[in-house]
Amino acid sequence: MKRPGVLSVYRWELIKLRYQKRTYLGLGASLIVPIIFVVAIHFRHDRRGGDFAFASYLTRSGLAVPLVIMLFGAVWMFPLITALVAGDIFASEDHNGTLKTILTRSLERGQIFAGKALAAATYAVAAILLGGTVAVIAGSIQSGFNSLQTLSGTVVSAPKGLELVYVGLLVYLIPIGTVVCIGLLLSTITRNSAAAVVGTLMVSLLFQLIGILPGLTGLQPYLLSTQFNAWQGLLRTPIDWSPIIRAAWVCAMYGVPAMAAAFLVFLRRDVAGG
Amino acid sequence: MSVPRRGSDTDAPPPVEVRGLVKRYGELTAVDGVDLTVRAGDVYGYLGPNGAGKTTSLRMMLGLIRPTSGSVRLFGRDPQQSVKALDDVAGFVEAPAFYAYLTARRNLELLAAYDGDEARSRVDHALATVELTGRARDRVGGYSHGMKQRLGIAAALLREPKLMILDEPATGLDPAGMRDMRQLIRGLAEQGITVVLSSHLLAEVEELCNRVAIVREGRIVYEGMISELKRGAGTTYRLATTDDERALAVCRAQRGINDLRVQHQRICFTASGEAAVAELSQALVEAGALIHTLAPETVTLEDLFFSLTEGRDGDRMASEDPDSVEVAR
């Protein structure tokens with residue numbers, strides 16, 4: 001008999017996500033928010049833009065829309081969407097008693113953990129890429145698929161701008177990956193879906209709070225919240241890789257221990273409830 | 001009904017071998033040095049009152065809980081070391097749990113995928129065995145408790161187990177459901193599957209199981225054949241005569257008549273053997289106490305269970321009965 005592996009768990013975790021409302025809640029938010037944002041731009045009286053990065057570009061190029069969504073989505077929207085699944089994926093099994101059901105089949109705990117972690121990460125990637133793609137399409141309909149002005153003032157063509165947007169989304173996935181790790185940790189520790197989802201969001205917001213506290217600005221480069229802006233290095237001429245490299249190791253600094261702790265907790269824990 | 005043991009390879013490790021199993025939660029000792037052996041072909045009852053540590057023991061057997069000390073071996077393999085120890089093993093502890101938003105078939109397909117390639121081909125047969133084929137496309141969230149219990153059995157059957165561990169499989173079922181569950185378990189035993197059955201339904205255990213372990217406060221107070229347990233308890237006789245006062249006096253004087261007491265206005269005693277009973281009946285007639293009834297009373301597993309789990313070890317049930325009066329010799 002061929003023994004099952006991580007891919008079996010991964011595949012079925014994705015199937016299970018298809019049948020759960022929270023999946024559509026998160027993906028729905030990724031889909032709707034850029035559309036609402038574009039509609040708001042359309043009806044805005046002040047066409048000069050706001051006082052945030054890329055605000056003035058919004059009416060000139062639709063490619064600015066995903067950048068602004070990434071900017072504001074980092075505050076709570078994307079961490080919350082990510083936490084909806086990462087925080088729930090172990091805790092709901094505990095709550096429903098299904099953990100004991102799957103742990104008494106032919107899969108090692110490590111395989112189940114890996115499959116679930118991969119599924120939570122896949123969902124986060126899907127949500128971010130969906131949000132970004134919808135923002136590109138909606139923005140292009142509203143403001144046109146035009147060339148994009150970088151943060152250094154240079155102008156890149158629309159296709160190059162599109163490439164930068166998608167590479168930016170990939171860079172954005174680095175801190176999102178850390179949120180996944182934190183969500184998985186809280187999911188295994190709390191065994192409570194709501195606590196893990198809210199807890200993950202709270203951790204994300206706490207980083208932002210620390211970032212604005214007077215006297216702690218020196219910590220800013222090393223906070224998780226700061227790494228959500230690393231993609232802006234791509235919009236410099238020449239490209240500034242330093243914030244992206246820093247995001248990689250800072251996020252690893254938070255994410256790897258969280259993931260390792262989640263793994264060990266899941267591996268060693270007693271499944272006494274349910 | 002006792003289930004005859006099927007022939008087994010005596011060199012093969014037993015389906016379940018538990019030695020010195022302990023589980024502590026802080027100050028609380030939930031399982032306290034449990035030793036038990038389930039042999040191939042057994043239908044093994046695991047009995048005890050609530051909180052006696054039955055489910056904790058079963059969870060340790062399935063590798064869900066780490067023992068504080070002691071060992072579990074399933075067919076010689078340690079479930080704490082690898083899930084491979086659960087090959088040939090299936091079952092559930094407490095109520096079987098499924099994904100409420102998936103259909104029964106989807107749930108079984110998922111579990112089959114977690115069992116390996118071949119299990120998927122057994123989904124239809126498993127559903128048919130528990131008579132859920134017609135409801136296979138319904139979401140489990142809409143299932144009754146009894147249907148979930150049956151689906152739990154179906155999920156276990158996917159693994160084609162040699163050992164089935166079932167924790168309270170008939171709990172919450174209506175009489176028809178309980179009957180069906182009994183038939184199902186009997187069918188499993190007839191197929192040669194070793195069954196470990198934890199249950200509160202002592203009549204069911206007595207009917208289905210050949211061997212039992214009775215656990216009290218985390219410790220095994222009896223492990224062995226039900227028939228031996230009953231034999232060890234001796235046979236209680238009930239006596240009614242035309243003159244019970246005189247009959248009591250005769251019983252007191254008669255050799256081989258023990259544990260004499262009056263219970264529910266009947267004289268009760270145990271006898272050292274059938275000869276002692278025969279001598280007593282002759283003595284009663286000679287004394288003028290004509291016999292209305294002199295009958296052995298079968299001790300049930302329930303009597304023995306309460307005796308072992310509620311009384312002091314070795315106490316007899318009758319001595320705790322408020323209607324029972326011991327008679328001094």
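What percentage of the 274 residues of chain A count as buried? The share is 47%, a residue being buried if 20 or more other C-beta atoms, placed from the backbone, lie within 10 Å of its own. The model is predicted, with local features needing pLDDT of at least 70 and side-chain atom pairs counting only at pLDDT 80 or more, while totals for chains, interfaces and linings use all residues. Residues are numbered from 1 along each chain as its sequence is written, and chains are lettered from A and ligands numbered from 1 in the order in which they are written.

Chain A contains 11 helices and 2 strands, taken as DSSP runs numbered from the N terminus (helices H or I, at least four residues; strands E, at least two). Their order along the sequence is α-α-α-α-α-α-α-β-β-α-α-α-α. The C-alpha trace of chain A spans about 60 × 40 × 35 Å along its principal axes.

Between the chains, 25 residues of chain A are in contact with 24 residues of chain B (C-beta atoms, placed from the backbone, within 7 Å). On the side of chain A that touches chain B, helices H1 (6-18) and H6 (98-103) each supply at least two residues, and H6(A) gives the most, with 5 residues.

In chain B, strand E5 (residues 89-92) pairs with strand E6 (residues 163-167) in the parallel sense over 4 bridges, where pairing requires at least two DSSP bridges. Val89(B) stands opposite Leu163(B) in E6(B).

Definitions and conventions:
A residue is buried if 20 or more other C-beta atoms lie within 10 Å of its own, exposed if 12 or fewer, and partly exposed in between; C-beta atoms are placed from the backbone. Two residues are in contact if their C-beta atoms, placed from the backbone, lie within 7 Å.
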